[in-house]
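Me: I have just opened this structure and would like to learn how to read it. Could we go through it together, one feature at a time?

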Amino acid sequence: MKSKSLAVLAVTALAVTGLAGCAQKSNDSGGSTPAAGGTGGSGAGEVRVYIGADTNIKDLWEKSVKPGFEKANPGTTLKIDFDDHEEHGTQNLAKLTAAEKSGNDAGWDLMDGGIVLQAADAGVLEQVTKDQVKGLADVPEDTLKAGGKGGIPYRGSSVLLAYNPKLVASPPATYDDLMAWIKANPGKFTYNSPKSGGSGGAFVTTVLDKNLPADTAKTLRTTYDKNLLTQWKPGWDALRALNPYVYQKGVYPTGNKGSIELLANGQIAMTPVWSDMFISGQKSGTIPKDMKATQIANPSFTGGAAYLGIPAHAKNKANAIKLADYLLSAEAQNMIAKDIAGYPVIPLSKLPQETQATFKDAHPENLRAGYFDKVNKDRDLAWDQEVPGK
């Protein structure tokens, strides 16, 4: 596949923030409920939304989704319950599961957060149909399947290869091209440690996958089998072999932001980045506008969708389904693309030309999923032991 540069046009995107360790917050203007409880009153004209995410997602809901949905559905109020960085995710998942197993309302009608896929795995979400949420008919089947029993994909992102075109005239088009470039240009590439940020994790996963049997790589996306992890050895060998060729002969920055700063400051010429961070960074000025990004092939870097969930016994289930249907509309998908540089999950052809131009070379329709969460944790620990300084 021929590599293409990501065309970054002027979009209204919010910078992705990293406010780790912040206290739990709520949206006062949205009539929110306590983040660990979600026990506010329920009315016929409302939909109570749990959000476990960073503040840029909170802003998306407060400033765009809420007014857009309420305008499209007069008389229905969207109430937001925000859990900053999903600090109370474990507690909220336990509350949801206990309520649903006993046939009770947990206090939320729709959920947006990392616990959604765990709730889907637990079988406590409503499994909506394509008749109920019409936009699902336009979502790639693999993305739908990754949502399990009840996860509704509504935005996505992937890791791309960012580069300085002044130093890289022709960026690598494939995995093999990238490995060859790194070795031919020592010190000009690095990636952040995988446990400190997903862009580095995606690079490591891609190297491991390249050296795995296809059936094993597929299994590790849905199942935790510690015995299969021994097959990572050729991948660790390949990653160790890069040590002499990465920045300062083996320096791996901390966090997604760390590798971006090295690129922006001209200390390296190429690094993996999250698609939304790249586009938002160019808009905010943290990434120079002349930087470019592309996707590689055979295999591509990983990415994935964010999922909504509707608790099976939600009091306002009908309104929640209306909200999910709205979020997969062309209007809302374009809003997500402009506000947070999130990938649309419906075809680009349904969105304005400006949005199509922004995302066309990132190929958002081809999201290659990452590993199962527990597999990722073992990957991160193993990388620490197998790669740096070896």
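Me: Let me start with one side chain: does Lys66 count as buried or exposed, and at what relative accessibility?

Reply: Lys66 counts as buried, at 12% relative accessibility. Buried means under 20% relative accessible area, exposed means over 50%, and partly exposed is in between, using a 1.4 Å probe and protein chains only. Before we go on, keep in mind that this is a predicted model, where local features need pLDDT of at least 70 and side-chain atom pairs count only at pLDDT 80 or more, while totals for chains, interfaces and linings use all residues. Residues are numbered from 1 along each chain as its sequence is written, and side-chain values use heavy atoms, with hydrogens and water left out.

Me: Which residue does Lys66 meet in a salt bridge?

Reply: Here is the general idea: side chains of opposite charge can pair when their charged atoms come close. A salt bridge is a side-chain nitrogen of Lys or Arg within 4 Å of a carboxyl oxygen of Asp or Glu. Lys66 makes such a bridge with Glu70, at 2.7 Å from N to O. Glu70 is partly exposed, with a relative accessible area of 23%.

Me: How many salt bridges does the structure hold?

Reply: The structure holds 18 salt bridges. One of them joins the side chains of Lys79 and Glu46, with 3.1 Å from N to O. That pair links distant parts of the chain, with Lys79 in strand E2 (residues 77–84) and Glu46 in strand E1 (residues 46–53), 33 residues apart. Lys79 is partly exposed at 27% relative accessible area, whereas Glu46 is buried at 6%.

Me: What about Asp112: which residue is its salt-bridge partner?

Reply: The partner of Asp112 is Arg155, and their closest N and O atoms are 3.9 Å apart. This pair also links distant parts of the chain: Asp112 belongs to strand E3 (residues 110–113) and Arg155 to strand E4 (residues 152–163), 43 residues apart. Both Asp112 and Arg155 are buried. Salt bridges can also join up, as in the network that links Lys233, Asp237, Arg240 and Glu386.

Me: Now for the rings. How many aromatic pairs are found in the whole structure?

Reply: A search of the whole structure finds 13 aromatic pairs. Rings of Phe, Tyr and Trp (its six-membered ring) pair if their centres lie within 6.5 Å; planes under 30 degrees apart count as stacked, over 60 as edge-to-face and the rest as tilted. Take Tyr191 and Trp383: their ring centres are 6.1 Å apart and their planes are at 70°, so the pair is edge-to-face. Tyr191 lies in the loop between helix H5 (175–184) and helix H6 (198–210), while Trp383 lies in helix H14 (residues 373–386), 192 residues apart. Tyr191 is buried at 1% relative accessibility, and Trp383 is buried at 2%.

Me: What do the buried residues of H14 pack against?

Reply: They pack against H6 and H8, where contact means heavy atoms within 4.5 Å. The buried residues of H14 include Val375, Arg379 and Trp383.

Me: Last topic, the backbone. Which residues does a cis peptide bond join?

Reply: Most residues other than glycine have a negative phi, and most peptide bonds are trans. A cis peptide bond joins Asn298 and Pro299, with omega about -5°. Pro299 lies in the loop between strand E6 (292–294) and strand E7 (303–309).

Me: And where does Glu86, with its positive phi, lie?

Reply: Glu86, whose phi is about 50° although it is not a glycine, lies in the loop between E2 and helix H2 (89–101). Glu86 is buried at 17% relative accessibility. Lys249 also has a positive phi, near 55°, and is exposed, with a relative accessible area of 70%.

Notes. Helices (H or I, at least four residues) and strands (E, at least two) are DSSP runs, numbered from the N terminus.
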